[in-house]
Amino acid sequence: MNKLKYLLLILILAACNTPRATYDYDQNVQFSTLNTYKIYPDLRSNLSQLDEQRLLSVLDSELNKIGFSTSESPDIYLNFYSSSYEEPSRNNIGIGVGGTGRNVGVGVSGGIPLGVSSSYLRLTFDFINVQTDALIWQAIVDSPFNINGSPSERENQLRAMVQKALEGYPPNKK
């Protein structure tokens with residue numbers, strides 16, 4: 001029974017650190033015909049130059065796995081950009097003062113946050129049709145990101161985010 005408790009705790013903690021993704025796409029596009037890409041010419045990723053190079057390398061590797069190749073006359077442009085944000089700790093201690101007397105009640109309370117806030121990175125991936133210059137597929141991935149991590153940790157975090165994004169490609173048209 002003790003082992004089950006620890007296993008459940010580990011699964012919950014692991015689930016909290018996995019990337020979350022949302023997807024959107026143009027329902028009129030035949031995604032099976034798209035197999036070449038090129039990075040958007042006017043890329044502005046908001047990442048450091050080293051992280052941008054890591055992400056480009058990861059993207060190339062992961063896109064090749066799903067059948068894409070780079071081309072000078074591509075089917076799609078791939079654009080990506082990032083933003084970071086802090087999520088405050090959800091743990092806090094409540095302190096309250098109150099009193100009553102003869103049908104009168106007064107209360108004051110407040111919360112004191114415990115722990116530190118978490119740093120998150122949001123990556124948005126856009127597939128843009130080269131012929132029409134229209135957005136045809138988009139993935140937005142949010143994940144905890146250790147800005148002070150080692151280069152290999154950062155690359156692994158970026159790889160997990162790219163893999164999560166590409167789970168939604170090609171879209172399942174319903």
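By class, how many nonpolar, polar and charged residues does the lining of the largest cavity have? The lining has eight nonpolar residues, no polar ones and no charged ones. Here Ala, Val, Leu, Ile, Met, Phe, Trp, Tyr, Cys and Pro count as nonpolar, Asp, Glu, Lys and Arg as charged, and the others, Gly among them, as polar.

This is a predicted model, in which local features need pLDDT of at least 70, side-chain atom pairs count only at pLDDT 80 or more, and totals for chains, interfaces and linings use all residues. Residues are numbered from 1 along each chain as its sequence is written, and side-chain values use heavy atoms, without hydrogens and water.

**The cavity.** A cavity is a set of points on a 1 Å grid over the protein atoms alone where a 1.4 Å probe fits but cannot get out; lining residues have an atom within 4 Å of a point. The count comes to one cavity of 30 Å³ or more. The volume of the largest is about 30 Å³, taken as the space filled by probe spheres set on the points. Its lining includes Phe125, Phe127 and Trp137. Helix H3 (151-166) and strand E7 (118-129) each supply at least two lining residues. H3 gives the most, with three.

**Strand E7.** Strands are DSSP runs of E, at least two residues; helices are runs of H or I, at least four. Nine of the twelve residues in E7 are buried, meaning under 20% relative accessible area (1.4 Å probe, protein chains only). Strands pair if DSSP finds at least two bridges between them.

E7 and E8 form a hairpin with four residues between them. In the turn, Asp133 has a positive phi of about 55°.

Note on methods: On a 1 Å grid over the protein atoms alone, a cavity is a set of points where a 1.4 Å probe fits but cannot get out, and a pocket is an open set with protein on both sides within 12 Å along at least five of seven lines; lining residues have an atom within 4 Å of a point. Buried means under 20% relative accessible area, exposed over 50%, partly exposed in between (1.4 Å probe, protein chains only).
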